[in-house]
Amino acid sequence: MHGLVAVDLHVIWQQVFHPDSVFFRTLWATVYISIIAQTAGVLLGLLAALARVSRFAPLRWISGVYVWVFRGTPVLVQIFYVYFAFSWPTLHFGFWTVPDAAIAGIVALSINEGAYMREIIRAGIDSVDKGQMEAAKSVGMTYGLAMRRIILPQAARVIVPPLGNEFNNMMKTTSLVYTIGVFEMFAFAEQNYSQFFIADYFLAIAVWYLLLTTIWTFIQAYIERRLSESERGEELSFRERVQAAWNPMTSWARGGGG
Amino acid sequence: MKRLFPLLALAALVSTLAACGGGGGSNDTTSTQASNIPNPIVFCVDTTYPPAESIVNGKPAGYDIDIANAIAKQLGSTAQIKVTGFTVIIPALKQKKCNAIISSMTITPERSKQVHFSPYLTVGTFLMVKKGNPSHITTVASLSGKSAAVQASTTQLAALEAENKTLQKQGKPLITIKSYPADTSAAAAIQAGKVDAYLADATPVLYYIRTTGDKFQTAGPQVGIAPEGVATRIGDPLGPQINNAIQALYLNGKMKTILAKWKAAQFALKNQ
Amino acid sequence: MSGVVMHAEDVHKSFGKLHVLKGVSLEMTKGETVCIIGPSGSGKTTFIRCINHLEKMDSGRIEVNGHLIGYRQRGDKLVEDREKNIARQRTEIGMVFQRFNLFPHKTALENVIEAPVHVLGTPKEQAVGLGKALLERVGLADKFDTYPGKLSGGQQQRVAIARALAMGPALMLFDEATSALDPEVIGEVLSVMEELARAGTTMIVVTHEMGFARKVASRVVMMDDGRIIEEGPPEHFFEEPEHERTKQFLSKIL
């Protein structure tokens, strides 16, 4: 028995309820990296999904290789490779500086996420009845117009639950970019730990991660409710949707990571 | 039941051993050693710092590894290397995940408050820049407005942060500090052209300059020359025992042999 | 050639090894209602899906309102046309599907005005006016803002008819429009179709509803095994069929 490590309530209280500006910088880093990487990942995944069903064979092939490589290699390897193999600029937006490592991290996370989103989006598109595309075409819509106005809006309903889980994971996965020197929440905790030797810093940022992912659960439930308003049948209330998003069993069944 | 019994006995034996073994924090006494020396002595090492410690062919290797083995042998024991990140290496020692740290650790007043040091080498800091020194770097102060890569939790990072405080007071542009949990990432950063300078102990700097052909050079003199020490928990009798072992290794020449093998002879402890 | 709305010549279509259409030719003039009947597998649905190029024919020629459908003339060969052109050709042809295929995320009115607004560029107010008029015409004046999920099958199919009509097509295609409906609501859809026919809509109706065919068709066409084996006005067709297979088929279902 190595003995129970005494929980330093003071540190936890401090970090969770009265965090300082340094901590907020790292919290902001975690948030903006997650949001940008997930959004870009969805767009990449959409492109890859459309490429997958293209009549143009090289596009199908590229999409296949892309997903195979980026789902088959560790995201940490991808982060390192993207950062060190290419040079990235540091961007300044007034008070907000985005260091080159953060940009590299966002790029790597986006490309990685796109590979997973492709399958989710493809499943979403496939879930739409084939008759919908036929009806859209029969009134004179092109494939692109039909996709935009008829297919994708319906696919969205199937895509949002697993997408929600992906974003949940993304917020936690961003912690990996500390290895290329991005000062985000985990780096903050580690730095404080190595100085003050109190492991509760990790506990404190765990609370903050939990806060972020919980807020997202509510947002996800809201989005799902709005999307299903026009659907007859299983009209879950807002509360039921939040519970459903929480329950690992149903989220697994919906194809999410839980 | 007959077949089950040996299995149960084996399970009981294994779980007892596991409960007692832990991470090397326990004192295992065997008859042939001096009192209280653990066997094996577990050393925490951050293997991102060649030639002192790095991973070669999948295993930790370097002069710190050889020195750890020599110290253990000198004490009648054996050494076990536990790879640990440098940013959490002192907490790991304090939490008894190892018996000692041997990881190119410079002895500083702050660190001495946390651990006991047995000095064994004298090493300073070098700045490493591109060959030809295009950014004309001479000292840490000359890094103002430029970028530098270091490993997190090192004296080099502390030096850069201190310099930035001074530069801020002087109203001069700050140094853009890129710090990484692994020193190899900091070295990779300068090799990828992401920073103007890399700061680390003279040992890895000279190693990188030597092994990357003609691409890099040092800038300015070696600074902050100070002893490096093997760290142990304050109050742990192993500390003074390691002091003795190191002294013995210098006297019998084994230390110099190890250092010469790794081309680090110049870093022998002064006054030995 | 004036008055010819649809002209199909020697249409062949195979699905893999299965030769489904074996040289189908048909011509329709304005205002005609042609009912196509026949056993399943005879190629009826495949044929009308070739008319709006939802299926690609292997050989043959189809023209609607004088426009070649699905293909371009290149020298003496026919080459598949560009997607944009095909989409435009389809605006002249309305289709009603067996399973309605309404857009579930849009209300009835939105379903109807979707294509006029986004394909033809009709201003929204104008399209709404047109859409409401069409929905009234099919008897759904109180369902403008109802979603398909809350409509019965018969109501959905009537919205589908309004949606197809909203594009002002020269030709309407009905692909077994009542086959998926409960018996009680078949009648309401058939009466809408009858009203359209009497108003002079040029329409092809693939159907099993012989009563409808007899009452409303200007011409009945019998297909079997990929070919048209008999056609004629309903009085003649149902009273004095000539072909053996027609007689067999009619005797089974009448």
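**Exercise 1. Which residues have the most contacts inside the largest nonpolar core?**

Keep in mind that this is a predicted model.

Step 1. Start with the core itself: the largest nonpolar core has 85 residues.

Step 2. Pick out the residues with the most contacts inside this core: B:Ile67, B:Ile71, B:Tyr198, B:Val230 and B:Leu259.

Step 3. Zoom in on one of them. Leaving out residues up to four places away in sequence, B:Ile67 touches B:Ile102, B:Tyr120, B:Met255, B:Ile258 and B:Leu259.

**Exercise 2. Work out how α7(A) and α9(A) are oriented towards each other**.

Step 1. Two packed helices are described by the angle between their axes and the distance between the axes.

Step 2. Look up both values. Helix α7 (residues 143-173) and helix α9 (residues 200-227) of chain A pack at about 170 degrees, and their axes lie 10 Å apart.

Step 3. Compare with the cut-off: angles over 145 degrees count as roughly antiparallel. So α7(A) and α9(A) are roughly antiparallel to each other.

Step 4. See who meets whom. The α7(A) side includes A:Ala156, A:Val160 and A:Phe167, while the α9(A) side includes A:Leu212, A:Trp216 and A:Ile223. Sorted by class, this contact has 10 nonpolar, 5 polar and 3 charged residues.

**Exercise 3. Decide whether B:Gln191 is buried, partly exposed or exposed, and find its contacts**.

Step 1. Locate the residue: B:Gln191 sits in helix α6 of chain B.

Step 2. List the partners. Ignoring neighbours within four places in sequence, B:Gln191 is in contact with B:Tyr208, B:Thr212 and B:Phe216.

Step 3. Take B:Tyr208, 17 residues away from B:Gln191 along the chain: their C-alpha atoms are 9.7 Å apart.

**Exercise 4. Find what covers the buried residues of α7(B)**.

Step 1. Name the buried residues. In helix α7 (residues 202-211) of chain B, they are B:Ala202, B:Thr203, B:Pro204, B:Val205, B:Tyr208 and B:Ile209.

Step 2. Look at the cover, which includes β2 (48-49), α2 (63-74), β7 (115-130), α6 (183-191), β10 (197-201) and β11 (216-233) of chain B.

Step 3. Glance just past the helix, where B:Gly213 takes a positive phi of about 70 degrees.

**Exercise 5. Say where in chain B pLDDT stays under 50**.

Step 1. Get the overview: chain B has a mean pLDDT of 87, and 87% of its residues reach 70 or more.

Step 2. Now find the stretch: pLDDT stays under 50 over residues 16-33 of chain B.

Methods: Residues numbered from 1 in each chain as written. Chains lettered and ligands numbered in written order. Predicted model: local features only at pLDDT ≥ 70, side-chain atom pairs only at ≥ 80, totals over all residues. Heavy atoms only, no water. Axes fitted to C-alpha atoms, helices over the stretch in contact; angles between N-to-C directions. Helix = DSSP H or I, 4+ residues; strand = E, 2+ residues; numbered from the N terminus. Parallel < 35°, antiparallel > 145°, perpendicular 65-115°, else oblique. Contact = heavy atoms within 4.5 Å. Nonpolar A, V, L, I, M, F, W, Y, C, P; charged D, E, K, R; others polar. Core = buried A, V, L, I, M, F, W, Y, C linked by side-chain atoms within 4.5 Å. Buried < 20%, exposed > 50% of the residue type's maximum accessible area, 1.4 Å probe, protein only. pLDDT = per-residue confidence, 0-100.
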